[in-house]
Amino acid sequence: MPIQVFEPHRAKLPPLAPYLKEVWRRRAFAMELARYSEKAEYLGSRLGAIWLVLNPLFLALVYFLLVTVIQGGKTNGFVTLAHILTGLFTFYLAQNCINAGAQSITSGGRLILNQAFPRTLLPLSSAISAVRQFAPTIPVYIAIIVVAKWVAPSTELPGWTWSFFFLPIIWLAVMVTSFGIALFFATFNVYFRDTSKLLTYIMRIWLYASPVLWLPEMLHGWHRSILYANPLGPVLAANAEIWINGHSPTAAQWWGILGWAFGAIALGGYVFTSRERNFAVQI
Amino acid sequence: MTNAISIENLSISYRVNIDTKKSLKNLVMRASKGEKVRTRVIEAVKNLNLEVPHGTALGIIGANGAGKSTLMRAIAGILPPTEGRITVDGNISTLLALGIGFNQALSGRDNIILGGLAAGLTKEQITAKVDEIAAFADLPAGFLDLPVRTYSAGMYSRIAFSVSVAMTPDILLIDEALATGDAAFKEKSLNRMKDLMGEARTIVIVSHAMGTISELCHKVAWLHQGKLIAFGPAKEVCNKYLEFLSVGKVPVALEDF
């Protein structure tokens, strides 16, 4: 029988090995919670899955028009549209993960008051949910890009290339980075309940500051640092490199991706787990 | 180790905001006016010592705000102690807040599975138990597969109670004010708790129903404003408490207990 000792703590990390072991033991809970909350959400709507594909598609069109108008009609046509489309749909993975994760603790109030379990399971479940919604849309976007090249061979798009095999690593990095960021905001949201409202503005600005509506090549000289100061900058730049240029990501991009993934998970993880035992008091 | 739960010098206090919600907006508004957010420290539990041997049924009684729920959550490891320590020997199952993460749009069956997973069961374990739990909850025909939002309060708490007792926990922590089933279900819950005790499991129950407490519990702890006023055989402590309720004064002789 397990003996547990509960003692006072000041904001500090729980013992990591038993903590992670407990998270792993209860992973089915995070998986099922993600599955069931999707089930609950889509109960009334058969169009749910189709909407997941159509939403970024429509938004990409809107942004494409916007960018075209702002640049006075001097865009690169279909290449620009393809770039916005692939960028947006990857950015949405991060955004869904961060938004849902940030609210997972405050909305799980009763669960938190009733059971002792590693609280990271709740934002983790949101992240799993974001991936589950993202995964089925991947083939659709690959098809769009590949078919576009086939229909209009004159575009500068590369069409199908072997560098597409780097994409799973890109998505994994997006997930890890945004999970770390979600942990950070989830903690913040417990202490300041309007954080999730603020987050809608942060995410909007974040989208504009990311190489989604503009190409990373548009930045020159020291302006390039903007790209690397953004946690999603390198990974979205690498994303564009693969989809639009047909190249594998550059070494600088890989370093940026690695740095932010580890940085975000370490910072978010520290902030969250060092305070999670206090969540029940605050809720 | 012979004690299921030992509590040494336990104090729990927390800070609450007096006049505003916790939000960035309020923080900024107040800072711009040069005001500080007013907070107050609430001492929910004060220097409490308690030992609960294995197989004991312990009742916790006391007025509202006596610190009963806080104590229960601390034993479950949900709330951290401010001072002192709690040692718990065994698996814990809890019924401390109603709607164990119950999603209103999901069916009772789905919620049983989620509740079991949240309590730490594996998927196989909870899948094997779903029918047993559903049978114990004994909802009116057809309700098990309807969304929980169509349930009455009683049906809701039946499900919650059934999930928490189905864990075959070593230690069961129940806030009985929540278990508001009808008379027949109350009888069934009592029998189930007696069965668990028969298997040398430990039960801690918070209740305002002196009848239930004196029938079920060996020992009773009476809390008043975070302090342990009396601890002893159920009948004895219950009588003291009832006397206090009619007189309205804490017996001085018991305060140093």
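**Close-up 1. Pairing of strands β1 and β2 within chain B of the predicted model.** Strand β1 (residues 3-17) and strand β2 (residues 39-53) of chain B run antiparallel and are joined by 11 bridges, where strands count as paired if DSSP finds at least two bridges between them. Helices (H or I, at least four residues) and strands (E, at least two) are DSSP runs, numbered from the N terminus. Across this pair, B:Leu10 has B:Leu48 in β2(B) as its bridge partner. β1(B) is also joined to β4(B), by five bridges in an antiparallel arrangement, and there B:Ser11 stands opposite B:Glu83. The model is predicted, so local features need pLDDT of at least 70 and side-chain atom pairs count only at pLDDT 80 or more, whereas totals for chains, interfaces and linings use all residues. Residues are numbered from 1 along each chain as its sequence is written, while chains are lettered from A and ligands numbered from 1 in the order in which they are written.

**Close-up 2. The side of chain B that touches chain A.** Here 43 residues of chain B are in contact with 37 residues of chain A, contact meaning that the C-beta atoms of two residues, placed from the backbone, lie within 7 Å. The elements of chain B that give two or more residues to this side are α1 (24-32), α2 (68-75), β4 (83-89) and α3 (108-118), and the largest share, six residues, comes from β4(B). Between the chains, four bridges join β4(B) to strand β1 (residues 3-6) of chain A, and the two strands run antiparallel; in this pairing, A:Val5 has B:Thr87 as its bridge partner.

**Close-up 3. The open six-stranded sheet of chain B.** The strands follow the order β5-β6-β7-β3-β8-β9, with mixed pairing. Because β5 (92-95) and β9 (227-233) of chain B stand at the edges with a single partner strand each, one side of each is left without a neighbour in the sheet. Within the sheet, strand β3 (residues 57-61) and strand β7 (residues 202-206) of chain B run parallel and are joined by four bridges, with B:Gly59 standing opposite B:Ile205 in β7(B).

**Close-up 4. Helix α6 of chain A.** Of the 14 residues of α6(A), 12 are buried, so the helix is largely enclosed by the rest of the structure; a residue is buried if 20 or more other C-beta atoms lie within 10 Å of its own, with C-beta atoms placed from the backbone. The buried residues include A:Leu121, A:Ile128 and A:Phe134.
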